[in-house]
Amino acid sequence: MKHLVMVIEDEEALALLLKYNLEKEGYDVQIESRGSRALAEIEKNCPSVILLDWMLPEMSGVEICKLIRSKPDIKNIPVIMMTAKGEEEDKIKGLSSGADDYVTKPFSVPELMARVKANLRRAPEPVQEKELSFEDIKMDLAEKKVFRGDSYVHLGPTEFRLLKTLMETPGKVFSREYLLKTVWGDNIYVESRTVDVHIRRLRKSLNEFGPDYIRTVRATGYSIDTHNIEEI
Ligand code: CA
């Protein structure tokens, strides 16, 4: 099976150059130019290595790297940060954000290919959780199915992603903005009220089979929790 390398780079010419060379080395390559969409794609396709540009529109490489490291199912994927020449401070920030390696632009292609190879070798197999569970709720991530006890819960794709985000860290309160970013990606036309609409749908489907564990924290956001204190 071919390794997938994800290139997150907004400079098209450079992205294409990388794609060409990585494919020549026998990798599958996916190019993304925007952070929020890239994050959703990383979760979906679980690449073996990520080449991440430091300067990107919307979300910086550092922010993206931090988000990658905060998500249990993708946090072990090696990240190679690409920084502009001379930005020594960037390197330090990049590494403290959790990047495994960095290269300085302009880099030599053979050097970068060697780094990719080294990171693939050194990397542990990405820990891809197959199942998330909270109380009687189980998510089969491979099959994209949700069960409560023995009952199958039908959820739309957005509700599924919402529930997945909540269930990755039970008890943690997620803001509407965070949920918008991670669940909807870079669709800037989505209003934060949309989150409420989908939470309502999620609750309706889930609560048919058991108690309401989704907690609304006024003026803050949502979590999944057994202490359902503030219901709307
Ligand atoms: Ca850039």
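Two strands are taken to pair if DSSP finds at least two bridges between them. In this predicted model, strand β11 (residues 214–217) and strand β12 (residues 221–224) meet that criterion, pairing in the antiparallel sense over four bridges. Within this arrangement, Val217 has Gly221 of β12 as its bridge partner. Three residues lie between the strands of the β11 and β12 hairpin, and Ala219 adopts a positive phi near 65° there. The side chains of β11 are divided between two directions: Ile214 and Thr216 point one way, whereas Arg215 and Val217 point the other way. Residues pointing in either direction from β11 are buried.

The largest nonpolar core comprises 27 residues, of which Ile137, Met139, Val146, Leu163, Met167, Leu206 and Ile224 touch the most other members. Two or more residues of this core are given by each of β6 (131–134), β7 (137–140), α6 (157–168), α7 (176–184), α8 (192–206) and β12. Helix α6 supplies the largest share, with five residues. For Leu163, the contacts beyond four places in sequence are with Ile137, Met139, Val146, Leu155, Leu202, Leu206 and Ile224. In soluble globular proteins, nonpolar side chains tend to be buried together.

Met55, by comparison, counts as exposed because its relative accessibility is 56%, a value to be set against the cut-off of over 50% for exposed residues.

The cysteines were also examined. A disulfide is a covalent bond between the sulfur atoms of two cysteines. The structure holds zero disulfides. Cys46 has a relative accessibility of 14% and so counts as buried. Cys65 is likewise buried, because its relative accessible area is 0%.

Definitions and conventions. Residues are numbered from 1 along each chain as its sequence is written. This is a predicted model: local features need pLDDT of at least 70, side-chain atom pairs count only at pLDDT 80 or more; totals for chains, interfaces and linings use all residues. Side-chain values use heavy atoms; hydrogens and water are left out. A disulfide is a pair of cysteine sulfur atoms within 2.5 Å. Buried means under 20% relative accessible area, exposed over 50%, partly exposed in between (1.4 Å probe, protein chains only). A nonpolar core is a set of buried Ala, Val, Leu, Ile, Met, Phe, Trp, Tyr and Cys residues joined through side-chain atoms within 4.5 Å. Contact means heavy atoms within 4.5 Å.
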